[in-house]
Amino acid sequence: MEDLIKRAARDLAESKYAIALTGAGISTESGIPDFRGPKGIWTTNREAEAKAYERYELFLRDPRAYWEEILGLHGVYGNFREQIRKAQPNPGHRALAELETLGILKCVITQNIDGLHKKAGNKKVLEYHGSVNAVRCVSCGSRFAWEEVSLDQLPPRCKCGGLLKDDVVHFKEPIPSDVMEESEKEALKCDLMLICGTSAVVYPFANLPRLARFRSRRLFAGLDMMAPRSNVRIIEVNAEPTPLTHEGISDYLIQGKTGEILPRIVEEVKKGIST
Ligand code: APR
Ligand code: ZN
């Protein structure tokens, strides 16, 4: 473990354009359960997972009923939102914020809707699956804070007349194009990708490491399996191996808790800088 931590610190210090990709695993030490880990929400409640697959269809079919549901939420999803509202960044989030302050980390692309990277101080954060802290127009793409939106009439509408939806991206819902394009640009630009606390099984997010590795969109369509491997350095920090580990997309996995490993990597980076 010590060697891998030193190696990651060296790789980060030598990088010109490092970015981080994160998932629910980085927020479990803040009291928010993940989805597919041993105590994950889907692992422990299949019914909730099935319901989550229906949520976007409800929005399309009956946006008023959708809004009534999300505003009156109890049960699993209601608790989840409550846990998010109360949560604070942990040492894992703060380590990534410090890497940004040191000028090493250029961007965080997260699947998390909890807003904890921004709370920890990261400036450049792409919220790939949206945020609980915002409402989005499904026509013009504008985003608003909840306080800016009147909920007197449901469903609420944007100034452009478009329907408003909470910014959280549900299963089967398209990823907002602005975040998707920006994320792909970052994945193509980076020379180091630090992937923290994700099972890397949800698409299209899980394509980003492959885009960085093969620099090829043709890969998505399975048209280019022989695409040359780029020399981008891809490092995973996760409690367990993922398909990225098994397929050799990542260069190495540091197995353990992000809240313990990331601060130690930052310490090593700082040691390197000071000597
Ligand atoms: N440190 C490191 N790894 C951890 C920790 C921790 N403290 N806690 C959990 N993990 C690992 C788990 O073992 C698992 O491999 O983090 C991973 C979390 O994976 P998921 O629960 O699948 O979460 P994520 O990859 O973010 O899910 C992607 O799926 O349900 C949808 O929209 C939701 O954004 C989410 C997406
Ligand atoms: Zn609009």
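Tutor: Buried means under 20% relative accessible area, and exposed means over 50%. Keep those cut-offs in mind. This is a predicted model.

Student: Let me try them. Is A200 buried or exposed?

Tutor: A200 has 7% relative accessibility, so A200 counts as buried. A200 sits in the loop between β7 and α10.

Student: And K172, buried or exposed?

Tutor: K172 is exposed, because its relative accessible area is 55%. K172 belongs to the loop between β6 and α9.

Student: What is the phi of each of these residues?

Tutor: General idea: most residues other than glycine have a negative phi. Now this structure. The phi of K172 is positive, near 70°. The phi of A200 is positive too, near 55°.

Student: How do I read a peptide bond? Which bonds here are cis?

Tutor: Most peptide bonds are trans. Here, L154 and P155 are joined by a cis bond, with omega about -10°. Y203 and P204 are also joined by a cis bond, with omega near 10°.

Student: Where do the two prolines lie?

Tutor: P155 is in the loop between β5 and β6. P204 is in the loop between β7 and α10.

Student: Let's turn to the metal. Which residues are the protein donors of the zinc ion (ligand 2)?

Tutor: C137, C140, C158 and C160 are the donors, each through its SG atom. These atoms lie 2.2 to 2.4 Å from the zinc ion.

Student: What is the arrangement of the four donor atoms?

Tutor: Look at the angles. Four donors count as tetrahedral if all angles lie between 85 and 135 degrees. Around this zinc ion the angles are 103 to 120°, so the arrangement is tetrahedral.

Student: How are the donor residues spaced in sequence?

Tutor: The spacing is C-x2-C-x17-C-x1-C. C137 lies in strand β4 (residues 134-137), and C158 lies in the loop between β5 (143-145) and β6 (164-166), so this pair ties together parts that are 21 residues apart in sequence.

Student: Are C137 and C158 buried or exposed?

Tutor: C137 counts as buried, because its relative accessibility is 2%. C158 counts as buried as well, because its relative accessibility is 9%.

Student: Now helices. How do I describe two that pack together?

Tutor: Two packed helices are described by the angle between their axes and the distance between the axes. Take helix α7 (residues 91-101) and helix α12 (residues 258-274). Their axes come within 7 Å and cross at roughly 30°.

Student: Why are α7 and α12 called roughly parallel?

Tutor: Angles under 35 degrees count as roughly parallel. The two axes cross at roughly 30°, and therefore α7 and α12 are roughly parallel to each other. The crossing is left-handed.

Student: Which residues meet there?

Tutor: From α7, they include A95, L96 and L99. From α12, they include L262, V266 and V269.

Student: How many residues of helix α10 are buried?

Tutor: Eight of the eight residues of α10 (residues 207-214) are buried, so this helix is largely enclosed by the rest of the structure. Among them are L208, L211 and F214.

Student: What do the buried residues of α10 pack against?

Tutor: Their partners include the strands β1 (18-22), β2 (105-110), β7 (192-196) and β8 (233-238). The helices α9 (177-189) and α11 (243-246) are partners too.

Key: Residues numbered from 1 in each chain as written. Chains lettered and ligands numbered in written order. Predicted model: local features only at pLDDT ≥ 70, side-chain atom pairs only at ≥ 80, totals over all residues. Heavy atoms only, no water. Donors = N, O, S within 2.8 Å, 3.2 Å for Na, K, Ca; no water. Tetrahedral: all angles 85-135°; square planar, octahedral: opposite > 155°, others 65-115°. Helix = DSSP H or I, 4+ residues; strand = E, 2+ residues; numbered from the N terminus. Buried < 20%, exposed > 50% of the residue type's maximum accessible area, 1.4 Å probe, protein only. Axes fitted to C-alpha atoms, helices over the stretch in contact; angles between N-to-C directions. Parallel < 35°, antiparallel > 145°, perpendicular 65-115°, else oblique. Left-handed = near helix turned anticlockwise from the far one by under 90°. Contact = heavy atoms within 4.5 Å.
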